[in-house]
Amino acid sequence: MSRTRTQIVIVGAGPAGLLLGQLLHREGIDAVILERRSHEYVLGRIRAGVLEQGTVDVLDLAGVSARLHKEALVHEGVGIGFQGRRHRIALKQLVGKSVTVYGQTEITRDLMEARAANGAASVYEAEDVTLHDWQGTSPRVTYRKGGVTHEIACDFVAGCDGYHGVCRASVPADKCKVFEREYPFGWLGVLADVPPPWKELVYANSARGFALASLRSPTRVRCYVQCPLDDRVEDWSDTRFWDEFRRRIGEDVAAGVVSAPSIEKSIAPLRSFVVEPLRFGRLFLAGDAAHIVPPTGAKGLNLAVSDVFYLYEALRDHYRERREAPLDEYSPRCLRRIWKAERFSWWMTRQLHLFPGDAFARRMQETELEYLFESPAAQASMAENYVGLPFESAAAGAQAHVA
Ligand code: APR
Ligand code: PHB
């Protein structure tokens, strides 16, 4: 067995793990990233791409936003389709902020390139990652690579290994509280290389179910339709997808839709999930390892970034000031922001999807959408959540923790 030591072992090379590694590297804090999959596999995953201003600010701070500022699209509004009409929520006008469209895949690529350029340690295809003594003062992480077992001693473990990872699974059930909501439908998503006929995202609530018109670039669209959970991708030819998409997205948008061949097609279930707390001794959870939001609010990646920013600040202040308080504050500080994003994502999901067999809920939905379209106050509330609620400063967090 080989034995080494570092300050932080980061489990998972998704956006959370890579971004934490980058921020810690710039602060001179050593970290090793252990990733179960290959570099290519991680880079190949298709995920969302709507960024809050706060997320762009953290990517700026991490020094990995040069390409983003060249290639990303900035949207000052978002469309909501309902009963054949489209209503624009003027984000910039209402709350002075916009959203940035830049694929999670591109962010992952930028972070991987920065880490390679830094020469910082990452182990891909690390098997059987196992945590030891994270409840004590000398945590260790073991893994196997190339038939050899390796052990890394460290000060802290950052669990950035997603919903199905080993870190949260290592915590005994009686040490944490789980909050969960499963939705009775999924999203069928299609990626296609065709210029988007829409200039801003359009979320549509139609009598046939939800649809979303999104994009990755001026030449690539990303579109979704609500589908039954037991549907299989094979049930959906490209033709069937585009026909259904046109029937839901609204006539004006539908007129410009081209039935392009899909380059990726997948079905994802919708879930709301939060674990409390996010810290267990020397183990800190961040990103999808701690929470899942339904994608309707475009909060998944943004929430992972705010966790990671808070964890970076907690570890930075701990090492600079040799204090425990910043570490104690991490979990409550994250949870205050996580629950607000969970609430918004749940609200968007409830407003925009077809829930089977609940006539009263349907009336509530229709009435709440009509109120949204008539009320600037309601639009401003939706807008401030969609563009991203402000980050809590470390000082405010400490104050809230004391209070
Ligand atoms: N050992 C090592 N690595 C692991 C293990 C394990 N046992 N289990 C999972 N991983 C890796 C996965 O292979 C993945 O690359 O951890 C990484 C977790 O990355 P993500 O799932 O992308 O999670 P996160 O970085 O928190 O990013 C959250 O991803 O799913 C989207 O909507 C979500 O946008 C959000 C973002
Ligand atoms: C996407 O572009 O994939 C996307 C955009 C907005 C969402 C969800 C997904 O709310």
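Predicted model: local features only at pLDDT ≥ 70, side-chain atom pairs only at ≥ 80, totals over all residues.
**Entry 1: shell of ligand 1**

The shell of ligand 1 holds 10 nonpolar, 7 polar and 7 charged residues. I then looked up which of the 24 residues come nearest to ligand 1, and found A16, E35, R47, Q104 and D288.

I next asked which helices each supply at least two residues of this shell. They are α1, spanning 15-26, and α10, spanning 300-321. The largest share comes from α10, with 3 residues.

**Entry 2: polar contacts of ligand 1**

Q104 places a side-chain N or O atom 2.7 Å from an oxygen atom of ligand 1. For D288, I noted 2.9 Å between a side-chain N or O atom and an oxygen atom of the ligand. R36 has a polar side-chain atom 3.1 Å from a nitrogen atom of ligand 1.

**Entry 3: shell and contacts of ligand 2**

I turned to ligand 2, which is surrounded by 13 residues, with Y203, S214, R216, Y224 and P295 the closest. By class I recorded 9 nonpolar, 2 polar and 2 charged residues in this shell.

Y203 contributes a polar side-chain atom that lies 2.7 Å from an oxygen atom of ligand 2. Backbone atoms take part as well: a polar backbone atom of P295 is 2.6 Å from an oxygen atom of ligand 2, and a polar backbone atom of A298 is 3.4 Å from an oxygen atom of the ligand. On its own, ligand 2 has 280 Å² of accessible area, of which the protein covers 99%.

I checked which elements give two or more residues to the shell around ligand 2, and these are β16 (209-217) and β17 (220-227). The largest share, 3 residues, is that of β16.

**Entry 4: aromatic pairs**

I counted the aromatic pairs and recorded 21. One of them joins F156 and F284, edge-to-face, with 5.8 Å from centre to centre and 65 degrees between the planes. I located F156 in strand β13 (residues 156-159) and F284 in strand β20 (residues 283-285), 128 residues apart, so I noted the pair as a link between distant parts of the chain. Both F156 and F284 are buried.

I then examined Y203 and Y386. Their ring centres are 6.0 Å apart and their planes stand at 90 degrees, so this pair is edge-to-face. Y203 belongs to strand β15 (residues 202-206) and Y386 to helix α13 (residues 376-387); 183 residues separate these two distant parts of the chain. I found Y203 and Y386 to be buried. Both also belong to one aromatic cluster, together with W187, F210 and Y224.

**Entry 5: charges over rings**

I looked for charged ends over aromatic rings. That of R37 sits over the ring of Y41, 4.1 Å from the ring centre. R333 lies over the face of Y310, at 3.9 Å from the ring centre.

**Entry 6: T142**

Is T142 buried or exposed? I found a relative accessibility of 11%; buried means under 20%, so T142 counts as buried. T142 lies in strand β11 (residues 140-145). I also recorded a polar contact of 2.8 Å between the side chains of T142 and H132.

Terms used: Residues numbered from 1 in each chain as written. Chains lettered and ligands numbered in written order. Heavy atoms only, no water. Near = heavy atom within 4 Å. Polar contact = N/O pair within 3.5 Å; in protein donor to acceptor, adjacent residues only side chain to side chain. Helix = DSSP H or I, 4+ residues; strand = E, 2+ residues; numbered from the N terminus. Nonpolar A, V, L, I, M, F, W, Y, C, P; charged D, E, K, R; others polar. Phe/Tyr/Trp six-rings, centres within 6.5 Å; stacked < 30°, edge-to-face > 60°. Buried < 20%, exposed > 50% of the residue type's maximum accessible area, 1.4 Å probe, protein only. Lys NZ or Arg CZ within 6 Å of the ring centre and 35° of its normal. Areas by Shrake-Rupley, 256 points an atom, 1.4 Å probe, with all protein chains shown as cover.
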